[in-house]
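Have the structure open while you read.

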Amino acid sequence: MGDLIVRQFIFVYGTIKRGQILHHRLNQKPLFKTTINGFDLYTHPNIWYPALTKGSRSIIGEVYEITPLKLKEMDEIEGVSTGLYRREIVQITHPKTYAKMDVYVYLKEDVKGWFLVNKSIVEWPLTPAFS
């Protein structure tokens with residue numbers, strides 16, 4: 001029997017999204033844009049990237065299919081080994097097929113000193129009125 005191939009997906013909401021400063025690290029088009037529910041987005045006046053935590057809002061982002069090697073690279077970018085962010089699996093619904101799928105998302109544990117984006121639906125980057 002052959003090896004089982006497991007497809008891996010990542011949900012990005014900040015600097016890795018298309019058009020943002022770190023998108024070149026993915027260097028591919030997103031499969032689709034979607035919203036994840038039950039999270040909060042934070043910003044910090046002295047830090048150039050956003051932070052995501054579990055919460056009560058809806059966050060707009062993009063979903064990409066990634067290889068295990070690319071997932072390891074994303075862990076390095078997100079500082080998983082140093083505790084900057086942690087990777088977690090979240091279940092989403094595909095916006096066209098309505099199929100359930102698991103995606104990786106990076107969450108921040110400590111947002112002390114960060115500011116909650118107090119909107120029910122959030123998409124980063126923020127417009128100046130909401131930053």
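Does Trp 114 count as buried or exposed, and why? Trp 114 counts as buried because its relative accessibility is 10%; buried means under 20% relative accessible area, exposed over 50%, and partly exposed in between, using a 1.4 Å probe and protein chains only.

A quick word on ground rules. This is a predicted model, where local features need pLDDT of at least 70 and side-chain atom pairs count only at pLDDT 80 or more, while totals for chains, interfaces and linings use all residues. Residues are numbered from 1 along each chain as its sequence is written, and side-chain values use heavy atoms, with hydrogens and water left out.

**Rings and charges**

The whole structure holds three aromatic pairs. In one of them, Tyr 49 and Trp 114 sit 6.0 Å apart, centre to centre, with 45 degrees between their planes, so the pair is tilted (rings of Phe, Tyr and Trp, the last by its six-membered ring, pair if their centres lie within 6.5 Å; planes under 30 degrees apart are stacked, over 60 edge-to-face, and the rest tilted). This pair ties together distant parts of the chain: Tyr 49 belongs to strand 3 and Trp 114 to the loop between strand 5 and strand 6 (115-116), 65 residues apart. Strands here are DSSP runs of E, at least two residues long, numbered from the N terminus. Trp 48, Tyr 49, Tyr 85 and Trp 114 make up one aromatic cluster.

Two charged side chains sit over rings too (NZ of Lys or CZ of Arg within 6 Å of the ring centre and within 35 degrees of the ring normal):

| Charged residue | Ring | Distance to ring centre |
|---|---|---|
| Arg 87 | Tyr 104 | 4.7 Å |
| Lys 108 | Tyr 85 | 5.3 Å |

**A hairpin**

Strand 4 (residues 86-93) and strand 5 run antiparallel, paired over eight bridges; strands pair if DSSP finds at least two bridges between them. Arg 87 turns up again here, opposite Tyr 106 in strand 5. The two strands form a hairpin with six residues between them, and Tyr 98 in the turn has a positive phi of about 65 degrees. Strand 5 (residues 100-107) is mostly covered, with six of its eight residues buried.

**Who lines the pocket?**

Strand 3 (47-66) and strand 1 (8-12) each give at least two residues to the lining of the largest pocket, and strand 3 gives the most, with three.

Terms used: Helix = DSSP H or I, 4+ residues; strand = E, 2+ residues; numbered from the N terminus.
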